[in-house]
Every structure is written in structure tokens, then in C-alpha cells.
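Me: Hi! I have a model open and would like to talk through how it is put together. Can you take a look with me?

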Amino acid sequence: MLFGILSHLGGYVTVTLPEECLEKFINLAVFRGIFLWDIKGVGTGRVLMKVRLDNVQALRHVARMAGCRFKIINRCGLPFFIKRMRQRRVLVAGALVFVAALYLLSSFVWSVEVSGNNRVSDQVVEQVASQAGLKPGVFRWGLNIPALEKTIQQQVPGLAWVGVSVQGVKVSIKVVEKTLPPPDEAAHPTDLVAARDGLITELLVFSGQPLVNEGNTVVKGQVLIASLVSPPPATEEITLPGAEKPQVEQPAHYVRARGIVKARVWYEALADVKLTERGCKFTGREMTRFGIKIGDKEIILIGPGRIPYTHYARQVKSKPGPKWRNTNIPVELLTVKFYEEKPYINRHTEAEARNLAYRKALESIRGQLAGEAVITNKSMEELAAPEPGSVRVKAIVETFENIGISKPRN
Amino acid sequence: MAWKELKNHFKKRFSDYLELPEDIALDLPKIVLIGNLQVFIENHRGIQEYNPRLVRVVVNDKVVEVAGEGLTLRNILTDEICVEGRISSLSFAD
């Protein structure tokens, strides 16, 4: 290998020689320290051999002494290549121009992409970026990325973070928008409605017209505090005993209803547990198979053809070829992972099963609870089992929570 | 001739006694054969005949004949020859 590279760098020639004087020629050459290799008879009374370019002159002396003549039939290596290229200057110039053009064209920004924006439009970000010196056609080495990020963030309203990354000739601007407070309340009146069914225990109105009272039972979606604040009615329809009548007459107007409506809410959940439970669990052993899918056929490149596990789960990840226009290349890379499973049987006593079912039911209730809900009471009720050999349990949870949510009035 | 044999005999005894490699002490060729594909002959004195079916290489006082088909001299240096091809036999001749 090394020898091949060295002889290519130095250059070598293939010479041909009549067979008669071969032995004398070789012995003289070797005695003079000329290195010959690949000596090959071609059958027509002539022999080929290779010799280094800087030994050719010495070889002429040897040939004269041996009394025969050799002919150079092939020249290989870098010196000859350079000589040939000298005669084909336009080809070399073309290659250089190609490389230079590739380098030059790849040092421009060809496209700018904006992502991560919902409210702010692409055009606004692109316009600010182009004023700051980032637009298709600028030199990509001259970009000052930290300054660009700072400028875009400062000049485009509503952006919390801006990241600019250069990927080859494409520049992508990633933005994160600020979470803005809800818009003007007078223009968008909202009601406070019940998020769940419940029994109201506390009612505190900040703004709006309350439609329910403490002690009322409400259903989900019922309006608790209305956005329409009507003037106090002339007829006594909903006046409470002892309630004060406002003195100032006001026309009906809309507000953003706000308040705290705390209620007792009940949750129920059912859970079944079988006395003998069958299932599968992973043993931790896994295998990966890598292949190519062409059409419907799968060709396995790496990995086992037969899976040695008796029970296993499989997970398939496929990587389809790049989409270009409407052509769809029916070749995918497939990575299939096999996880070994072991079947197991769990046996519970009735008490254990009841406990387990209760815990399961509670768990499923906890999933539905709002973050601020306070659990005030928990209870369990055993129901008739749906089938023999299992236990059904109903869990009831009572909570105390704020059930009011804002809903825009339509 | 008797004198030369006597000298060689003593050389051999001497190299045996000092455990010197015989190819150095007696100026003998070292021939390495790799399957039937290659044969390296070290310490040669030049080639006597070459054609694709037979290569004759001069060593100390004998001639090594390598017979086969498609024989080529892969390289040739002052003290080493490498013959490549499908080698069928290797023999010594005077």
C-alpha cells in the first residue's frame, strides 16, 4: 500500500524487453541497485517490468551493457499526470473554477426561515432581519449572530427569545413569543361558568352579576357570574330580604366577570381487579434489527432473522427516503426493536384485591383533579363483581375547589 | 574440492556449537513458500532463467528451480526475490 503510494508520487514506467537478454539485464540492474518489480512474461517473446522514473537513466546504461534495447510502453504517477495537465490547461482551469464557484456560492445566505411564531408574522421578522443585515444574498461569513438576535428581539414586539442558526446556506430564525395578558376586557366580555357539577359553599364576586347563591347546586357549564351587569330591576324579582338597593341607576353594560366560586365536588371512579392476574413484563433483554424495506419486502442488513424470544413486543421505527416534489421513493430504512417479555400470574386474596382496586380507582380520580382541589373526604364502596373471580370497587372522593372558569361570551 | 567440503564441515560444526543460524554461517539461501502462491528467496545470486513457466534462481552453489504457471517476479532486490504465480514445484539443481 505504502509502496504503491510512494511509487505513484515519484512516478514509474512500464518497460518491455526481449526475452533473450532478460536474465543478464535483470542481474546487472539488481547489481546496480535498481529496483524492478512486476516482471511479467507476456508470451510473445517480450517481458514487461516496472521501474521507478529516477532509475530509467541508469537502466539505459544497463541495457547498453546487456546489449539489448528496451521500450517504454506506459508512464504512470504524479510527474506524468502533472505533465499531462500542463498540456490541458483549460481542463485544470475548469476544475478550479468549479471548486471556486462551489465555495463562493456556498458562502452566501440563500434562504431565511422563521419558525416558532404564531402571532407575529414571518414578514415582520424577516423585514427586521433584513434591515439588520440578514437576507438572502448576503455573505454568510460576515453575519454577527449575537447582534442579530439582539436586534430582532428588540425591534419585533412580542418576542421573548430569538435564536439564529446558520445551517449551510440556510439561516433559520427560531423565535419564542411572549405570553401576553388577555386582551381588553370591555371589548371581550367573559362569563364565569362552572367547570364541574357541585354544591356552592363560598361565593365571592369581584365583578359581574352573580346568578347563583351559596348552597345552590350547579351543573357543569352553568353561568355563575354573568358578564352582563343589568341595572337593578324595578320589579322585585330576585331581591333578597335585607339586601340594599343601589341608589344610582346604571345602564346595562358588559364586564369581564371575575370572582371566586368554591364548591363541594364529588368524583366517582370504578375499578376492577381480578383475583388471578395475568400479564407480561419486560425482562430487559432486547434485540435490534436493521434493514431496508423495498416495497413490501424487508431485507435484513444487521440483526437476527429469527427472534429467539418466545414472548416479545416489537417497536418499529422507519425512516422514509427524502420527499421531493411528488415522487415517493418506496424505500425505507427500518429499525425494529424486540423486547423480550415474560408472562406472570399474580394471585390476590379478596382483601388485597379490594385494596388494590380502591387504590386504582383513587389514582384515576387523582388524574382528573384540578391542581388546587383539596380532598376533604374519601370513601369506598364495594359493588357486585361483573364476573366471578374479580372484585369491583367504587371510590368516592369529595373535594373543595374553585369551579369557576372564564368563558368568552358569544 | 575435498578442501572445500572440509571447510564447510568445520563451518557447520562451528555454527552448531555456537547455535548460529545456518543460513548466515554457511551463506545458504532462505526460502519461504507461502502456499503455492508466493516464494521468497533471500540471499540469492541473480536469476539464470525466467519465463512464465519456470524461474531459475542462482543461490550459493546451486540453482533453485521454481516451476508453475503464470509466474511473475513481483520484486527483485540485491538479496531477495519474490516469485508469484501458481507454483507447482520447487527443486534444487546443480
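Me: Which strands of chain A does helix H8 lie across?
Reply: In this predicted model, helix H8 (residues 350-368) of chain A lies across strand S15 (258-274), S20 and strand S21 (390-402) of chain A. Its direction is at about 145° to S15(A).

Me: And what sheet do those strands belong to, in what order?
Reply: They sit in an open sheet of 5 strands in chain A, ordered S11-S9-S15-S21-S20, with antiparallel pairing. The edges are strand S11 (217-218) and strand S20 (374-383) of chain A, each of which pairs on one side only.

Me: How many bridges hold S9(A) to S11(A)?
Reply: There are 2 bridges between strand S9 (residues 198-207) of chain A and S11(A), and the two run antiparallel. A:Gly198 stands opposite A:Val218 in S11(A), while A:Leu199 has A:Thr217 as its bridge partner.

Me: What about S9(A) and S15(A), how many bridges there?
Reply: That pair is antiparallel too, over 7 bridges. One example is A:Val205, whose bridge partner in S15(A) is A:Gly259.

Me: Which way do S6(A) and S7(A) run, parallel or antiparallel?
Reply: Antiparallel, with 8 bridges joining S6(A) to strand S7 (residues 170-177) of chain A. If you want a pair to click on, the bridge partner of A:Leu159 is A:Glu177 in S7(A).

Me: Let's move to the packing. Which residues have the most contacts inside the largest nonpolar core?
Reply: That core has 38 residues, and those with the most contacts inside it are A:Phe25, A:Ile26, A:Leu36, A:Ile39, A:Met49, B:Val66 and B:Leu73.

Me: What does A:Ile39 touch, apart from its neighbours within four places in sequence?
Reply: In chain A, A:Ile39 is in contact with A:Ile26, A:Val47, A:Leu48 and A:Met49. From chain B, its contacts are B:Tyr50, B:Thr72, B:Leu73 and B:Ile76. Another core of 28 residues lies apart from the largest one, with A:Ala194, A:Val212, A:Ala361 and A:Ala395 among its members.

Me: On to chain B: how far apart are the end C-alpha atoms of helix H1?
Reply: They are 24 Å apart in helix H1 (residues 2-18) of chain B, which agrees with the 24 Å that its 17 residues should span at 1.5 Å a residue. Just after H1(B), B:Glu19 takes a positive phi of about 55°.

Me: Last one, some totals for chain A. How many helices and strands, and what share of the residues is buried?
Reply: Chain A has 8 helices and 22 strands, and 28% of its 410 residues count as buried. Chain A exposes about 26900 Å², with carbon and sulfur atoms supplying 56% of that area. As for contacts in chain A between residues at least 6 apart in sequence, 67% join residues at least 24 apart.

How values were computed. Residues numbered from 1 in each chain as written. Chains lettered and ligands numbered in written order. Predicted model: local features only at pLDDT ≥ 70, side-chain atom pairs only at ≥ 80, totals over all residues. Heavy atoms only, no water. Pairing = 2+ DSSP bridges. Helix = DSSP H or I, 4+ residues; strand = E, 2+ residues; numbered from the N terminus. Contact = heavy atoms within 4.5 Å. Axes fitted to C-alpha atoms, helices over the stretch in contact; angles between N-to-C directions. Expected span 1.5 Å × (residues − 1). Buried < 20%, exposed > 50% of the residue type's maximum accessible area, 1.4 Å probe, protein only. Areas by Shrake-Rupley, 256 points an atom, 1.4 Å probe, with all protein chains shown as cover. Core = buried A, V, L, I, M, F, W, Y, C linked by side-chain atoms within 4.5 Å.
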